[in-house]
Amino acid sequence: MTPDTVMMIGRHALEMTLLLAAPMLLAALVIGLLVGVVQAATQINEMTLSFIPKVLGMAAVLLLAGPWMLKEMVGYTRQLIESIPSLVG
């Protein structure tokens, strides 16, 4: 296995990680920003007011994007397993 092949596998793994994590992270970012604005406007500083909406929002995103994320993960894993013979030989 050449160093270029290892770099290609690593790069593809990082891209897949970012692709799969992006919907959840963006949902948490947007919800956290909105809750932070509301807390700043109302001067209510309660930690559960920012935690519970994030959990609910991320659960909603997981319900909506979960099938797509699973399809991408299975496709990547299948591609990686199918490429083993060419990597070894």
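Is Gln43 buried or exposed? I looked this up before anything else. Gln43 counts as exposed, at 69% relative accessibility. The model I am reading is predicted.

**Entry: the loop residue**

I placed Gln43 in the loop between α1 and α2. I then checked its backbone. Phi of Gln43 is near 60 degrees, a positive value in a residue other than glycine. I noted the background too: most residues other than glycine have a negative phi.

**Entry: helix α1**

I went back along the chain to α1. Helix α1 covers residues 3-42, which is 40 residues. From first C-alpha to last, α1 reaches 56 Å. Where does α1 bend? I found the bend at Ala22, and its angle is about 45 degrees. A proline, Pro23, follows within four residues.

**Entry: the buried residues of α1**

I listed what α1 hides. Buried residues in α1 include Met16, Leu20, Met24, Ala27, Ala28 and Ile31. Thr5, Val35 and Gln39 are buried as well. I looked for the cover next. The cover over the buried residues of α1 includes α2 (47-82) and α3 (84-88).

I found Ser50 in helix α2. Ser50 has a relative accessible area of 17%, and the cut-off for buried is under 20%, so Ser50 counts as buried. Which residues does Ser50 touch, leaving aside neighbours within four places in sequence? Ser50 is in contact with Val35 and Gln39. Both of those α1 residues are on my buried list.

**Entry: a nonpolar patch**

I turned to the surface. Leu26, Leu29, Val30 and Leu34 make a nonpolar surface patch of about 400 Å². I checked Leu34 on its own. Leu34 lies in helix α1. Its relative accessible area is 55%, and Leu34 is exposed.

**Entry: the salt bridge**

How many salt bridges does the structure hold? I found one. The side chains of Glu15 and Arg11 meet in it, at 2.8 Å, N to O. An α-helix has 3.6 residues a turn, so residues three or four places apart point the same way. Side chains of opposite charge can pair when their charged atoms come close. I also noted that Glu15 is partly exposed, with a relative accessible area of 39%.

Conventions
Residues numbered from 1 in each chain as written. Predicted model: local features only at pLDDT ≥ 70, side-chain atom pairs only at ≥ 80, totals over all residues. Heavy atoms only, no water. Helix = DSSP H or I, 4+ residues; strand = E, 2+ residues; numbered from the N terminus. Expected span 1.5 Å × (residues − 1). Bend = angle between axes of the 7 residues up to and from the residue. Buried < 20%, exposed > 50% of the residue type's maximum accessible area, 1.4 Å probe, protein only. Contact = heavy atoms within 4.5 Å. Patch = residues over 30% accessible without salt bridge, like charges linked within 9 Å, V, L, I, M, F, W, Y side chains within 5 Å. Areas by Shrake-Rupley, 256 points an atom, 1.4 Å probe, with all protein chains shown as cover. Salt bridge = Lys/Arg side-chain N within 4 Å of Asp/Glu carboxyl O.
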